[in-house]
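Good morning, and thank you for making time for this presentation.

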Amino acid sequence: MFLIKYIKEVFGAIRSLLVGMRLTGYYFTHHKEIITEQYPDNRDTLKLADRFKGEVVMPHDEKNEHRCTGCTACELACPNGTIKVVTKFDITPEGKKKKAIDKLVYHLELCTMCNLCIVACPSDAIVMAPTFEHSVFDRSALTKILNKPDSKIMEGVE
Amino acid sequence: MWSLTDITGRLDQWLNQTFSSTWVLVIEMLIAGVAVIGLFAALGLVLVLMERRVAAWIQIRLGPNRVGPFGLLQSLADTLKLLVKEGMTPSGADKFLFNFAPYIAMMVAMLLMAPIAFAKNFQLWDLNIGVLYISAISSIMVISILMAGWASNNKYSLMGAMRSGAQIVSYELSAGLSVLTIVVFSGSLNVTDIINSQADGWWIFKGHLPAWISFVIFIIAVTAETNRAPFDLAEAESELTAGFHTEYSGMKFALFFLAEYINVFIVCALGAILFLGGWMPFHIGHWEAFNHVMDYVPSSIWFFGKTFFLIFLIMWFRWTFPRLRIDQLLNLEWKYLLPISMFNILLATAIAILGWHF
């Protein structure tokens, strides 16, 4: 019957609303666990997710060596011209010329953290770092050179 | 004893001895005006902070905790920010209506303050149709919202204002009918009479079934009337940026913001007066000893306690339920709340005639 269905609907609706209010009421009265990060206070212990994409960096090992061959795959993959690879030619001990990077220029202000350069890199030379405090007073500080000065390519990376 | 009644009585006496009766009237009106504005400011600060804290705790967050001890000065800092901000008027707007609308919102909120009894014998204006006066004045609120939406010359503002018009006009009905239930029980529209009729128990206990139904309907309807979530279609941040006050900034925005909280306070005060006995302490029938113990708590504390309990209730379901769509909103009113409250008023009348309430 219509009326019975109507009354059932009203009571069902009130019940479901009370279920929701019970949950939020539980959260209100059990004020212990906080799901938000108290950011500037917990800067030292802040743990970001592994997949967090903050900026592109080039990891160097303790001998100041990186894995970049200067193939410019990242430069080609970048949709908005964030990366510029400046190459030079090294002379190997055998007297041959070998292509290597002089500078890997990275424009953080243009980067959209799309991850395409990291995917494109054949030798895993660049990764996304979980940093996010990028504010600076001068825009030119956002143009970074990713390889450290006097760094060399790692042995065995072609 | 130091009670609000005492203080006002003594002040009145002293003024009458010192000045002529015309001046006494002028001075008392000025004092009342300043007191109302002071109460507005205090309520605005307290309620905004309370809202943010309740919201944060319900969402397992901390809420404002940086400005002052425990973040208590947060709303003061926000007010200061709004005061020094520029109040822009868009170039395409109707300047007069645009600047006038926030003041109407504020005026309505101020007028609503008049018949509220804050404590025993402490009331600005004890008029004999107090409840009717409140429901009549509160519907003027829609004019300020429509005015703001129309004058802004912005499609979102206009849509928000139109939605708000449809919403307030429809929810006025069930709010009025649920108020009428208590009027039927107490047999008076006068706020003082309604409160005095609850001396042997509040209407929510004495009126049993019809009072409970009308209490629930009242809370739902006034939430819709004050444009708060889950009925905040007039603002609807996610769809209409900020609805009717999209174009407002600075102090003009603050007036709308303040008027919303004042309205929440007033409807909750009205709910407390009608269903929970206003300033009347918790009395049970003729248990003289128990009633005397309860009388030791000052009446203003009873009033504000009940009002803030209702405000908390409204905040609680603001932060629990998602916003309704406009068709769901009107369905709820015209297909559910209105038929139920019409049936309820029949039930209440029958119970009042047969004397079945306690």
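How many residues of chain B are in contact with residues of chain A, and how many of chain A are involved? The contact joins 11 residues of chain B to 13 residues of chain A, where two residues are in contact if their C-beta atoms, placed from the backbone, lie within 7 Å. On the side of chain B that touches chain A, α2 and α14 (299–318) of chain B each supply at least two residues. Helices here are DSSP runs of H or I with at least four residues, strands are runs of E with at least two, and both are numbered from the N terminus. By class, that side of chain B has nine nonpolar residues, one polar and one charged. Ala, Val, Leu, Ile, Met, Phe, Trp, Tyr, Cys and Pro count as nonpolar, Asp, Glu, Lys and Arg as charged, and the others, Gly among them, as polar.

A word on conventions and confidence. This is a predicted model, in which local features need pLDDT of at least 70 and side-chain atom pairs count only at pLDDT 80 or more, while totals for chains, interfaces and linings use all residues. Residues are numbered from 1 along each chain as its sequence is written, and chains are lettered from A and ligands numbered from 1 in the order in which they are written. The model scores ipTM 0.73 and pTM 0.81. The mean pLDDT, the predictor's confidence in each residue from 0 to 100, is 85 for chain A, with 99% of its residues at 70 or more. For chain B the mean is 83, and 99% of its residues reach 70 or more. Within chain A, confidence is lowest in strand β7 (residues 152–153), at a mean of 80, and highest in helix α3 (residues 116–120), at 90.

Let us turn to chain B. An automatic or database domain assignment supplies the domain bounds, and chain B is divided into domain 1 (1–84) and domain 2 (89–354). The C-alpha centres of these two domains of chain B lie 20 Å apart. Between them, 19 residues of domain 1 of chain B are in contact with 22 residues of domain 2 of chain B. On the domain 1 side of this contact, α1 (4–18), α2 (21–58) and α3 (74–84) of chain B each supply at least two residues. The largest share of that side, 11 residues, comes from α2(B). The residues of that side divide into 12 nonpolar, six polar and one charged.

How do α2(B) and α3(B) cross, and how far apart are their axes? The two axes come within 8 Å and cross at roughly 115°; axes are lines fitted to C-alpha atoms, for helices over the stretch in contact, and angles run from 0 to 180 degrees between N-to-C directions. Leu45(B), Val48(B) and Leu49(B) of α2(B) make the contact with Gln74(B), Ser75(B), Leu76(B) and Thr79(B) of α3(B). These residues divide into four nonpolar, three polar and no charged.

Finally, chain A. Its domain assignment gives domain 1 (1–33) and domain 2 (55–153), and the C-alpha centres of these domains of chain A lie 56 Å apart.

Chain A also has an open sheet of three strands, in the order β3-β4-β6, with antiparallel pairing. Strands pair if DSSP finds at least two bridges between them. The edge strands are β3 (83–91) and β6 (143–145) of chain A, each pairing on one side only. On average, neighbouring strands of this sheet are turned by 25° against each other, direction ignored.

Nine bridges join β3(A) to β4(A). In β6(A), Lys144(A) stands opposite Tyr106(A), and Thr143(A) is the bridge partner of His107(A).
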